[in-house]
Amino acid sequence: MDESSAEKSPFTNTSRGPGNWLKVRGRIDAADTTPGAYGRTGVKGSRITVLESYVSFGDQRFCTNTATELVVEEGALVEHCKFQDENLDSFHLASLHVQLARGSEFIHHSIAAGARLARNNICTNLAGEGVNCILNGLYLAKGEQVVDHHMVVEHSQPHGQSHE
């Protein structure tokens, strides 16, 4: 896809440095199941569901180190679902950074079921008025597993709601 076609497309995915860039324009519903380690998503006046899945097959030890940045622009709705089930000899380190503009909504579901250590850092900035942020989490740890979800919710503007 050439540069001019990408600008006209309502659904554009182009690389910007190390990782993926997904920009959604207009009122469309879309799902992104790209298994990238680093992602940045910008959404304006749209609705999108982003699915992240981390699953291991076998018992080889490894470390997942992932970062996702979501910019939820004015009037947009983003639902982000993350499922993590890696083997018990592995480590999972993840960061999620979300910025919400005026009148936007962000819903996050995190299910953590695997890895010896799973650490999720979630930082949200309610940067516009009238935003709604919902952060849901489910932990299924057993034995010596450690699962952490560290959350920071910054209410930068008035009339925003957050539910953790």
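Select proline 158 to begin: this residue is partly exposed, with a relative accessible area of 40% (buried means under 20%, exposed over 50% and partly exposed in between, with a 1.4 Å probe and protein chains only). Proline 158 sits in the loop between β12 (146-155) and β13 (161-163); strands are DSSP runs of E of at least two residues, helices are runs of H or I of at least four, and both are numbered from the N terminus. The model is a predicted one, in which local features need pLDDT of at least 70 and side-chain atom pairs count only at pLDDT 80 or more, while totals for chains, interfaces and linings use all residues. Residues are numbered from 1 along each chain as its sequence is written, and side-chain values use heavy atoms, with hydrogens and water left out.

Apart from neighbours within four places in sequence, proline 158 is in contact with Gly128, Glu129 and Gly130, contact meaning heavy atoms within 4.5 Å. A C-alpha to C-alpha distance drawn from proline 158 to glycine 130 reads 7.2 Å, although the two are 28 residues apart in sequence.

Now move to histidine 108, in strand β9. Is this residue buried or exposed? Histidine 108 is buried, with a relative accessible area of 2%. Display its side chain together with that of histidine 80: a polar contact of 2.9 Å joins them (a pair of N or O atoms within 3.5 Å; within protein, one must be able to donate a hydrogen and the other to accept it, and residues adjacent in sequence count only if both atoms are side-chain atoms). Not counting residues up to four places away in sequence, histidine 108 touches His80, Lys82, Leu96, Ile122, Ile134, Leu135 and Asn136.

For the next stop, select Lys82, Ala94, Ser95, Leu96 and Asn120, which lie nearest the centre of the second largest cavity among its 13 lining residues. Elements giving two or more residues to this lining are β6 (63-72), β7 (77-85), β8 (91-100), β9 (105-112) and β10 (117-126). Coloured by class, the lining shows 4 nonpolar, 7 polar and 2 charged residues (Ala, Val, Leu, Ile, Met, Phe, Trp, Tyr, Cys and Pro count as nonpolar, Asp, Glu, Lys and Arg as charged, and the others, Gly among them, as polar).

Finally, show the whole chain, whose secondary structure comes to 1 helix and 13 strands. Of its 164 residues, 36% count as buried.

Technical notes: 1 Å grid on protein atoms, 1.4 Å probe; cavity = no way out; pocket = protein on both sides within 12 Å on 5 of 7 lines; lining within 4 Å.
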